Amino acid sequence: MTDPADQPRQRRAWILVGPTAAGKTAVSNELARRLGADVLSADSMLVYRGLDIGTAKPTRDEQQGLVLHGIDLAAPDERFSVGAWLAAAKKAFDSAEAAGRDLVVAGGTGLYINALLRGLDSPPADMEILRPQIQARFEAGGVDALRAYAEQLSPGSVETLADPDNPRRLTRLIEKLSADPASSAGRIACHGHILAGLQVEPKILEIRIIRRIEKMFADGLLDEVASLRHRYPAFSETAGQGIGYAEAMAVLDGRMTREEAATRIALRTRHLAKRQRTWFRHQLEVDWVAGPEDARDVPRAADQVLEVWKRHGKTPVSV
């Protein structure tokens with residue numbers, strides 16, 4: 001019989017989630033400084049090197065004095081998977097543990113948070129039977145039929161997809177849900193453990209989105225994209241469809257005006273925030289606090305997140 005003392009200790013982390021533009025970066029950095037902890041980004045766009053302005057990636061000044069993990073992991077023309085991020089997360093935990101520091105995980109990418117808490121789903125089984133059935137649904141009802149079926153298997157699951165109108169991604173989601181019955185019917189990723197989350201009133205979020213877009217263009221988004229395209233003529237699907245980047249390319253190609261691009265970016269950002277909120281509501285148990293209204297309000301938001309963490313403790317992870 002194995003001595004329980006010889007079993008590896010389950011790792012735990014301080015986790016902060018929330019929709020885009022809620023202030024997670026500023027608050028998590030503030031908390032990491034207070035706690036002397038490392039930070040792990042759980043944002044699927046921050047993994048790309050050079051995609052800085054459009055992703056609101058922390059600047060060098062904002063990173064000062066911090067150890068950040070999960071950013072700048074891939075070139076814009078490389079495909080990057082959830083498994084690759086999970087491997088990077090394990091290295092982040094190894095690094096923080098070796099240095100005797102805690103890890104603050106902050107982000108809004110549901111697939112990353114889900115993988116961190118539950119691990120990767122097992123490979124789909126009986127695909128010879130399942131795939132023709134999925135194809136028949138698609139031929140009969142299009143992407144609407146696939147979305148409806150995925151929601152039937154697991155409410156809120158479609159909201160985890162970067163592109164919920166993509167039939168290939170919907171098919172893959174259905175395969176995963178069908179192969180893992182425990183993941184369907186409303187399974188909660190962190191059942192029994194409560195995370196901290198930042199939420200923002202719609203009116204404040206709208207103002208913040210507009211300001212972010214203005215800052216993106218003022219800081220040189222178009223120049224950044226032009227330079228990146230010179231170095232990487234073909235972006236990966238995810239990088240190329242990133243909010244702000246697809247629109248910047250359209251402006252550079254003469255397919256959109258700058259004003260049209262700004263309007264489109266705002267619309268996509270609002271939709272993303274809505275999808276993220278839906279996913280958090282269905283898949284996580286979250287104790288919500290109000291996100292910071294501005295830079296001066298960050299310490300207040302950090303105080304409230306810290307109180308949530310003190311009440312509920314660290315969250316177990318699967319790395």
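Which residues does Ile15 touch, not counting residues up to four places away in sequence? The legends below take up this question and several related views.

The model is predicted, so local features need pLDDT of at least 70 and side-chain atom pairs count only at pLDDT 80 or more, while totals for chains, interfaces and linings use all residues. Residues are numbered from 1 along each chain as its sequence is written, and side-chain values use heavy atoms, with hydrogens and water left out.

**View 1. Surroundings of Ile15 and the nonpolar cores.** Ile15 touches Val105, Ile113, Leu116, Leu117, Leu195, Ala196, Trp309, Thr315 and Val317, not counting residues up to four places away in sequence (contact means heavy atoms within 4.5 Å). The largest nonpolar core has 71 residues, and those with the most contacts inside it are Ile15, Trp85 and Val105. Such a core is a set of buried Ala, Val, Leu, Ile, Met, Phe, Trp, Tyr and Cys residues joined through side-chain atoms within 4.5 Å, where buried means under 20% relative accessible area, exposed over 50% and partly exposed in between, with a 1.4 Å probe and protein chains only. Helix α12 (residues 298-312) gives the most to this core, with seven residues; helices are DSSP runs of H or I with at least four residues, numbered from the N terminus.

**View 2. Packing of α1 against α12.** Helix α1 (residues 24-35) packs with α12 at an angle of about 65°, and their axes are 9 Å apart, the axes being lines fitted to C-alpha atoms over the stretch in contact and the angles running from 0 to 180 degrees between N-to-C directions. The two helices α1 and α12 are therefore roughly perpendicular to each other (65 to 115 degrees). On the α1 side the contact includes Ala26, Val27 and Leu31, and on the α12 side it includes Val305, Leu306 and Trp309. The residues of this contact of α1 with α12 divide into 11 nonpolar, no polar and three charged, with Ala, Val, Leu, Ile, Met, Phe, Trp, Tyr, Cys and Pro counted as nonpolar, Asp, Glu, Lys and Arg as charged, and the others, Gly among them, as polar.

**View 3. Packing of α10 against α11.** Helix α10 (residues 245-252) and helix α11 (residues 258-283) pack at an angle of about 165°, with axes 9 Å apart, and are therefore roughly antiparallel to each other (over 145 degrees). Ala246, Glu247 and Val251 of α10 meet Arg258, Ala261, Arg264, Ile265 and Arg268 of α11.

**View 4. Gly240 in helix α9.** Gly240 lies in helix α9 (residues 237-240) and counts as buried, at 13% relative accessibility.

Definitions and conventions: Angles under 35 degrees count as roughly parallel, over 145 as roughly antiparallel, 65 to 115 as roughly perpendicular and the rest as oblique.
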